[in-house]
Amino acid sequence: AVAATDARRREIHNQLVELKGNIRVFCRIRPHPRSAVQCLPDNLSIRLAGPDGKEHTFGYDRVFRAEATQAAVFEEVSDLVQSALDGFKVCLFSYGQTGAGKTHTMQGSRSFEGQGIIPRAIAKILESVVKLRDQGWDYRLEASFIEVYNEQLRDLLAEPVPGRREAGKIHENNAIQHQPNGGHTVVLGAQRLAIESDADAEAITRRAAAARAVEATAMNAVSSRSHSVFMLYITGRHEASGTQLQGSLNLVDLAGSERLARSQAEGQRAKEACNINKSLSSLGDVFQALATKATHIPYRNSKLTHLLQPCLGGSGKTLMVVNVNPEPESVQESLCSLRFAAKVNQCETAAKGGAQRSISSTQDWGGAGPLTGRPSLAP
Ligand code: ADP
Ligand code: MG
């Protein structure tokens, strides 16, 4: 009888995810004294006038105004983050032009209030792991920190030996397609460090930040043209029942989405610009293929989408935070970002009257596993 109710619950859960989709898009407006972006009272939509004076309205699963604190943003993503403990493959992106607040959203600053999603997510997960231990669950957390630059992978946790940062190929652990809940991707040769405490987490993020800072000075602001991917591999085991869960949490600070002016796009810069456009547009292509339920999803067209394949589609969960700099000078770039997001989640509305999404403001992703007390998707 227990097994029968479990199966029924799982069915309901799967129907929920199918109904609402497993991709969400949030929009975050950074503070600016001269904001050209209007947040509508529903907290779900924004409005701005294009360069031609035409008004555009976009609707999202959630809009964060300039005043929104880091804690308020994390509050809205906390459930999603924790579902990785239930065996889901979860991915959060920050997207937007350079200066729009991507790194602020993901990493944030040192102060407690200033902490972004990465440190808050790790702290929350560690806290949950302790609670789940009382219920007989034993979790192991391992982190990698990868940078994708010019279609090459680099290990941000490697020992800082010049020339040694280049990481290997992407390896699909237990073939993604053949796992009921998706396999993992690992970067061969990249460090995978155990996280058992907040101190471990801090040491890891500090090491990655130092690696990026070295590059920033040596290689002309590489950071704005590369993606950084914090990957947390989560393995849970329930001793008594023998249940095993394999979740993952991927927190991605994407490259700046700005298009470089043609005159600048020469030599090395041109190659960089082209590749960034390529990997960001490959990401857009994957979302579009998923949205239209295409038979072929082009994961292999870029390193980034290949690396994140287990989270994109299938039983994975994705959230994109579109960061917007609301200054009048950036309206054109902002429209590009907002349109990209529309491609992700078909959220630009035709009418001027505000958002018309059928999805309500709730971010109920469904859930399963030890945290929710419901059966997991794992066998
Ligand atoms: P990006 O990573 O997109 O290039 P940053 O996150 O570095 O942009 O943000 C640029 C600057 O704006 C930083 O100094 C950052 O601290 C500040 N900033 C961005 N978003 C916010 C925000 N929501 N509140 C306060 N300051 C912000
Ligand atoms: Mg940044």
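Thr-98 lies in the loop between strand 6 and helix 3 of this predicted model, where helices (H or I, at least four residues) and strands (E, at least two) are DSSP runs numbered from the N terminus. With 16 C-beta neighbours inside 10 Å, Thr-98 counts as partly exposed, a class that falls between buried (20 or more other C-beta atoms within 10 Å, placed from the backbone) and exposed (12 or fewer). Leaving aside neighbours within four places in sequence, Thr-98 is in contact (C-beta atoms, placed from the backbone, within 7 Å) with Ser-224, Gly-256 and Glu-258.

Gly-96 lies in the loop between strand 6 (89-95) and helix 3, but Gly-96 is buried, with 31 other C-beta atoms within 10 Å. Beyond four places in sequence, the contacts of Gly-96 include Ser-257, Asn-323 and Ser-337.

Ser-337 leads on to helix 8, where Ser-337 is among the buried residues, together with others including Leu-338, Phe-340 and Val-344.

Ligand 1 is surrounded by residues including Gly-96, Thr-98, Lys-102 and Asn-323, each with its C-beta atom, placed from the backbone, within 6 Å. Helix 3 (residues 102-106) gives the most to this shell, with 3 residues.

Residues are numbered from 1 along each chain as its sequence is written, and chains are lettered from A and ligands numbered from 1 in the order in which they are written. In this predicted model local features need pLDDT of at least 70, side-chain atom pairs count only at pLDDT 80 or more, and totals for chains, interfaces and linings use all residues.

Conventions:
Contact = placed C-beta atoms within 7 Å.
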